[in-house]
Amino acid sequence: MNVVFPRSLPELFAALAEPGARILAGGTDLLVRLRAQPEAAAPATLVSLERIAALHNVAEEAGGQSHSLDGVFGPARLPGTLHRVVRLGAACTHAELLAHPLVRARLPVLAQALAVLGSPPVRNMGTLGGNLCTASPAGDCLPPLLALGAEVELASASGARRLALADFLLGPGRTALAPGEALIAVHVPVPGVDVRQHFEKVGRREALAVAVVSLAALVRLGHGGIIAEARLAWGSVGPTVWRCPEAEAALIGRRLSLTALSEAAALVRARVRPIDDVRASADYRREVAGNLLLRLAEL
Ligand SMILES: Cc1cc2nc3c(=O)[nH]c(=O)nc-3n(C[C@H](O)[C@H](O)[C@H](O)COP(=O)(O)OP(=O)(O)OC[C@H]3O[C@@H](n4cnc5c(N)ncnc54)[C@H](O)[C@@H]3O)c2cc1C
């Protein structure tokens, strides 16, 4: 197998246009899969993202420059959010993002998820782009980014496009990436200071655990501590990240109390459709999906 190291986006797109080419980011998913299934057709060429500086940037941009604020993305944004967007390069490692001041200050819900993703070696090698393109229902970056209303920037030799993350993730291992296309960056609207952010993952052990159920929550408290908006996204309870509009709506106009959260949790348990697998039963996942909401009373 050949490995190539393009140094720019045009070089990347040229390499991806070759038959049998496949992107290699950190390799923590891809190389494990290739080793586990040696009989599967191996890519002729692995195209490494390591040396493309444009994919390693993190920057805050004025929202006015962002496609996400011109109406296409409007309904997905919390009304309290500032007109700022954090652009995360797809090849940033989890460790780089976790250490980045912008991520820690503006997107604590993502930082909380990155802190419990895998182990230090996995965070040092694994990238944001790899996590999203693997599209595992247990991928730890997915619930926070969906709750935040993130958009993905995709590009190929024939041009660039932007998609809401919800439209990018099609199912386990399936995304809207077209042949020859790469995920370039993730654009995340910055929530206002009145938005509380929270992530929690339940696994089968304390460390290096794949999510059995996870929840990312953004709750905007208005005047008098009344909930003005809630965005809730669960991982590992369906083929892709799952939101429960009924539970979100039930919280509006209430205080962040155990009573309100218990009522919303009952709606979650009634609507969520998890599966049984080697890590947990569907019944356990349903119960925990509701219980994770109760933690928001501590925010
Ligand atoms: C021991 C271990 C523990 C783990 N624990 C966790 C965990 O707790 N939580 C979790 O979420 N994940 C976990 N993972 C999975 C994995 O580490 C993450 O999903 C990681 O983010 C994958 O990123 P990567 O850069 O290594 O992707 P790679 O393996 O390099 O690539 C994965 C897939 O995405 C494609 N791809 C990568 N980047 C791009 C791009 N920019 N554009 C288009 N396609 C792209 C590749 O072609 C490949 O198909 C674990 C893995 C291991 C081995």
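Is strand 10 largely enclosed by the rest of the structure or exposed, and how many of its eight residues are buried? Eight of the eight are buried, so strand 10 is largely enclosed by the rest of the structure; here a residue is buried if 20 or more other C-beta atoms lie within 10 Å of its own, exposed if 12 or fewer, and partly exposed in between, with C-beta atoms placed from the backbone.

Before I go on, please keep in mind that this is a predicted model, in which local features need pLDDT of at least 70, side-chain atom pairs count only at pLDDT 80 or more, and totals for chains, interfaces and linings use all residues. Residues are numbered from 1 along each chain as its sequence is written.

Let me stay with strand 10. Strand 5 (residues 84-89) runs antiparallel to strand 10 and is joined to it by five bridges, with valine 86 standing opposite valine 188. Strand 6 (residues 151-156) is likewise antiparallel to strand 10, again through five bridges, and there alanine 155 stands opposite alanine 182. Two strands are said to pair if DSSP finds at least two bridges between them, and the helices (H or I, at least four residues) and strands (E, at least two) are DSSP runs numbered from the N terminus.

Now to the whole chain. The protein has twelve helices and 14 strands, and buried residues make up 43% of its 299 residues. Its radius of gyration, taken over C-alpha atoms, is 19 Å, which agrees with the value near 19 Å for a compact globule of 299 residues; that globule rule is 2.2 Å times the number of residues to the power 0.38. The chain is divided into domain 1 (2-48), domain 2 (53-189) and domain 3 (195-298), with bounds that come from an automatic or database domain assignment.

Next, the ligand. Of the 30 residues around the ligand, Ala25, Gly26, Gly126, Gly129 and Gly130 come nearest, where a residue counts as near if its C-beta atom, placed from the backbone, lies within 6 Å. Among the elements that give two or more residues to this shell are strand 2 (21-24), helix 6 (120-125) and strand 10 (182-189), while helix 7 gives the most, with five residues. The shell draws at least three residues from each of domain 1 and domain 2, and its residues divide into 16 nonpolar, eleven polar and three charged. In that count Ala, Val, Leu, Ile, Met, Phe, Trp, Tyr, Cys and Pro are nonpolar, Asp, Glu, Lys and Arg are charged, and the others, Gly among them, are polar.

Finally, domain 2 and domain 3. Their centres, taken over C-alpha atoms, are separated by 21 Å, and 24 residues of domain 2 are in contact with 26 residues of domain 3, a contact being two C-beta atoms, placed from the backbone, within 7 Å. On the domain 2 side, the largest share, five residues, comes from helix 8. Alanine 147 lies in helix 8 (residues 142-147) and counts as buried because it has 29 C-beta neighbours inside 10 Å. Not counting residues up to four places away in sequence, alanine 147 touches Val109, Ala216, Ala217, Leu218, Arg231, Leu232 and Ala233.
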